[in-house]
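These are my notebook entries from a reading of one structure. I set down what I looked up, entry by entry.

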Amino acid sequence: MISDERVVEILKEAGVLLEGHFLLTSGRHSNRYLQCAKIFRNTKYSEELCAALGEKYKDENVDVVIGPAMGAVQMAYEVSRSLQCENFFTERDENGKMTLRRGFVVTPGMRVLVVEDVVTTGGSVREVIDLVKEAGGVVVGVGSVVDRTAGKVDFGVPFKAVYAADVQSWEADECPLCKAGDLELVKPGSRKK
């Protein structure tokens, strides 16, 4: 089992933790941003962290690991490798709706682990869960490298993270960084909406 100290060491070494004034995918603002995509630049980081996550679900008989594009495409692959199962990814269609394409199909009864690199509000994860359930799949759990919710998010299935990060965020109209006006607001994430 990987220790929190080792996870922090990896996050620092990989340059994952950014400081400044950030617009999060959720629309909230934060003084810190975890750019977990940097974990996947080097397999020495992604393999260790994703294997640690896979270990948490080793007894769930997972058929497929699914992650939303873009942030969890590589992650789904790495976690599925540790669990020795298939992996898919979802992507947004022309209307912005999460969907499975490229021949990926969830069949009734398929046991699915949904993964995301960082969970802040869980919006993308909920969309994937709904997609799996609509297809008759069984969501056995949700896994992330980093949980920014401090364990407060409830997906209705077990949620396990490799690391829980305590990072503050604020609604835009309550943001002390906006009020101070010293730092430019940056949107480092991938989602356009």
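**Entry 1: a pocket and its lining**

I began with the lining of the second largest pocket, whose residues divide into three nonpolar, five polar and four charged. The model I am reading is a predicted one. I looked up the volume and recorded about 220 Å³ of space in the second largest pocket. Residues that line this pocket include Arg28, Arg148, Lys152 and Asp166. I also noted Thr120, Thr121, Thr149, Gln168 and Ser169 among the lining residues. Ala150, Ala165 and Val167 are listed in the lining as well.

**Entry 2: cysteines**

How many disulfides does the count come to? I recorded zero disulfides. Is Cys36 buried or exposed? Cys36 is buried, at a relative accessible area of 1%. Cys50 also counts as buried, at 0% relative accessibility.

I traced an open sheet of three strands, ordered 1-2-9, with antiparallel pairing. Its edge strands are strand 1 (17–23) and strand 9 (169–170), each of which pairs on one side only. Five bridges hold the antiparallel pairing of strand 1 with strand 2 (residues 29–34). Within this pairing I located two positions in strand 2: Ser30 stands opposite Phe22, and Arg32 stands opposite Glu19.

Strands 1 and 2 form a hairpin, with five residues between them. In the turn I found Gly27, which has a positive phi of about 95°.

On the other pairing, strand 2 and strand 9 run antiparallel and are joined by two bridges. Which residue of strand 9 is the bridge partner of Ser30? The partner is Ser169. I noted that Ser169 also belongs to the lining of the second largest pocket.

**Entry 3: salt bridges**

I recorded twelve salt bridges in the structure. I followed some of them by residue.

Glu13 and Lys44 meet through their side chains in a salt bridge, at 3.2 Å from N to O. This pair links distant parts of the chain, with Glu13 in helix 1 (residues 4–13) and Lys44 in helix 2 (residues 43–56), 31 residues apart. Glu13 counts as partly exposed at 44% relative accessibility, and Lys44 is partly exposed with a relative accessible area of 47%.

I next took up Arg81, which forms a salt bridge with Glu47, the closest N and O atoms lying 3.8 Å apart. Here too the pair links distant parts of the chain: Arg81 sits in helix 3 (residues 73–83) and Glu47 in helix 2, 34 residues apart. I looked up the accessibility of both, and Arg81 counts as partly exposed at 39%, as does Glu47 at 41%.

Arg81 also forms a salt bridge with Glu78, where the closest N and O atoms are 2.9 Å apart. Both Arg81 and Glu78 lie in helix 3, three residues apart, or about one turn of the helix. Is Glu78 buried or exposed? Glu78 is buried, with a relative accessible area of 7%.

**Entry 4: backbone geometry in the loops**

I checked the backbone for a cis peptide bond and found that one joins Ala69 and Met70, with omega of about 5°. Met70 is placed in the loop between strand 3 (64–68) and helix 3.

I then looked up positive phi values in residues other than glycine. Asn61 has a phi near 50° and lies in the loop between helix 2 and strand 3. Asn61 counts as exposed, at 57% relative accessibility. Gln84 is not a glycine either, yet has a positive phi of about 55°. Its place is the loop between helix 3 and strand 4 (86–92). Gln84 is exposed, with a relative accessible area of 74%.

Methods. Residues are numbered from 1 along each chain as its sequence is written. This is a predicted model: local features need pLDDT of at least 70, side-chain atom pairs count only at pLDDT 80 or more; totals for chains, interfaces and linings use all residues. Side-chain values use heavy atoms; hydrogens and water are left out. On a 1 Å grid over the protein atoms alone, a cavity is a set of points where a 1.4 Å probe fits but cannot get out, and a pocket is an open set with protein on both sides within 12 Å along at least five of seven lines; lining residues have an atom within 4 Å of a point. Grid points are joined across faces, edges and corners, and a volume is the space filled by probe spheres set on the points. Ala, Val, Leu, Ile, Met, Phe, Trp, Tyr, Cys and Pro count as nonpolar, Asp, Glu, Lys and Arg as charged, and the others, Gly among them, as polar. A disulfide is a pair of cysteine sulfur atoms within 2.5 Å. Buried means under 20% relative accessible area, exposed over 50%, partly exposed in between (1.4 Å probe, protein chains only). Two strands pair if DSSP finds at least two bridges between them. Helices (H or I, at least four residues) and strands (E, at least two) are DSSP runs, numbered from the N terminus. A salt bridge is a side-chain nitrogen of Lys or Arg within 4 Å of a carboxyl oxygen of Asp or Glu.
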